[in-house]
Protein chains: 2
Amino acid sequence: MKTKKPTIAIDMDGVIADTETHFINWYARDYGVLVTREELIGKPESEAFPDKQAVWKFVNAPGFFRTVPVMPGAIAALKALIDDFEIYIVSAAMEFPQSLSEKQAWLGEHFPFISWKNIIFCGDKSVIATDYMIDDHFKNLDFCKGKPILFHAAHNSTTERHFRIHSWEEVQTFLKQELEAMPALS
Amino acid sequence: MKTKKPTIAIDMDGVIADTETHFINWYARDYGVLVTREELIGKPESEAFPDKQAVWKFVNAPGFFRTVPVMPGAIAALKALIDDFEIYIVSAAMEFPQSLSEKQAWLGEHFPFISWKNIIFCGDKSVIATDYMIDDHFKNLDFCKGKPILFHAAHNSTTERHFRIHSWEEVQTFLKQELEAMPALS
């Protein structure tokens, strides 16, 4: 008999996609200014760069979401977790219409082991019900129906709310512990 | 104070988009054969037409989802319900990658009053938690977390399960009754 696995909603930008690095790289390329991670601490990404229009321009530029680097450790961690958890990739992509096909292609390239059945593009995550939610934004975690896990990012680093993890290695360790603490499923 | 409205997940194909009519029209156009609704009764759409490959070809053809007619009464009903309910359009669109942009454009044309925040494209609807779900497929309703409402279609008409409604007028009447029966919100 197939047992029901615990479910996890995993965000894309800032969680499995390293948008922070991508913003820094594109800003350096287009403006000739290297913004450090320290300068991004505690600021919403849209306001963290000297030109306040830059981030908005980038996320609306063709190719931005298609070429974002993978967050270090994310592929190995998801491969390791997929046997024990039902993993859903949940991205609030609807705000950027052109991002949908780019995000699909990006997932197909880097996470081909995630089925199309487990991909969700939405606007607002408040109706997503999973046992865990891994996200870098409080607006998603504050109302989530499962256990919230805050993925560390410069923009969220000065607020203390929710359980914070700093890397995919840490996610793996935490979720393995959770699994061991669960009553045996049948 | 803003009150929290009851939430509804509303499917696209077969519910607000009249895919049944669209299949019949495209089949007549491409095969010169007019299949009647009676011939579709009780059969999965993918197997209901004489050429068993036709439906698969259609749903993968550019333009199919962009040009599907709106289900009669759907626009008026959603406009009437949106004040009292938080309406989410939830489509299992992920199986057909090219359908995402077409579905976005179609919603923008016919349902511009639905915010991008309330649109969800997914594979499997089992993690969607709303108070109501209106769908024409048992696979979505059987595991839904809220109250399931089966939207009548030829393909689902020979199975009796869930509360069946036959038109958008009927949906409106039912949901208004539900609203009246709810304890006053504050």
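Is His162(B) buried, partly exposed or exposed? At 26% relative accessibility, His162(B) counts as partly exposed, where buried means under 20% relative accessible area, exposed over 50%, and partly exposed in between, with a 1.4 Å probe and protein chains only. This is a predicted model, in which local features need pLDDT of at least 70, side-chain atom pairs count only at pLDDT 80 or more, and totals for chains, interfaces and linings use all residues. Residues are numbered from 1 along each chain as its sequence is written, chains are lettered from A and ligands numbered from 1 in the order in which they are written, and side-chain values use heavy atoms, with hydrogens and water left out.

**The interface between chains A and B**

- In this model, 20 residues of chain A are in contact with 20 residues of chain B, contact meaning heavy atoms within 4.5 Å.
- The area buried between chain A and chain B is about 1,900 Å², with 64% given by carbon and sulfur atoms; buried area is the accessible area (1.4 Å probe) that two parts lose on being put together, summed over both.
- On the side of chain A, the residues that lose the most area to chain B are Met94(A), Trp116(A) and Val127(A), which together account for 33% of what that side buries.
- Between the two chains there are zero salt bridges, a salt bridge being a side-chain nitrogen of Lys or Arg within 4 Å of a carboxyl oxygen of Asp or Glu.
- The residues of the side of chain A that touches chain B divide into 12 nonpolar, four polar and four charged, with Ala, Val, Leu, Ile, Met, Phe, Trp, Tyr, Cys and Pro counted as nonpolar, Asp, Glu, Lys and Arg as charged, and the others, Gly among them, as polar.

**Helix H6 of chain A**

- H6(A) has 12 residues and reaches 16 Å from its first C-alpha to its last, close to the 16 Å expected at 1.5 Å a residue, the expected span being 1.5 Å times one less than the number of residues.
- The buried residues of H6(A) include Ser99(A), Glu102(A), Lys103(A), Trp106(A) and His110(A), and what covers the buried residues of this helix includes H5 (74-81), E2 (86-91) and E3 of chain A together with H6 (99-110) and E3 (119-121) of chain B.

**Charged pairs**

- The structure holds 20 salt bridges over all chains, one of which joins the side chains of Arg37(A) and Glu20(A) at 3.0 Å, N to O.
- Arg37(A) lies in helix H2 (residues 37-40) and Glu20(A) in helix H1 (residues 19-31) of chain A, so the pair ties together parts that are 17 residues apart in sequence; Arg37(A) is partly exposed at 37% relative accessible area, whereas Glu20(A) is buried at 14%.
- In chain B, a polar contact of 2.9 Å joins the side chains of Glu20(B) and Arg37(B), and Glu20(B) is buried, with a relative accessible area of 13%.
- Asp84(A) and Lys176(A) meet through their side chains in a salt bridge of 3.4 Å, N to O, linking the loop between H5 and E2 with helix H8 (residues 168-181) of chain A across 92 residues.

- Most residues other than glycine have a negative phi.
- Phi is positive, about 75°, in His162(B), and near 75° in His162(A).
- His162(B) is placed in the loop between strand E5 (147-151) and strand E6 (163-165) of chain B.

Technical notes:
Helices (H or I, at least four residues) and strands (E, at least two) are DSSP runs, numbered from the N terminus. A polar contact is a pair of N or O atoms within 3.5 Å; within protein, one must be able to donate a hydrogen and the other to accept it, and residues adjacent in sequence count only if both atoms are side-chain atoms.
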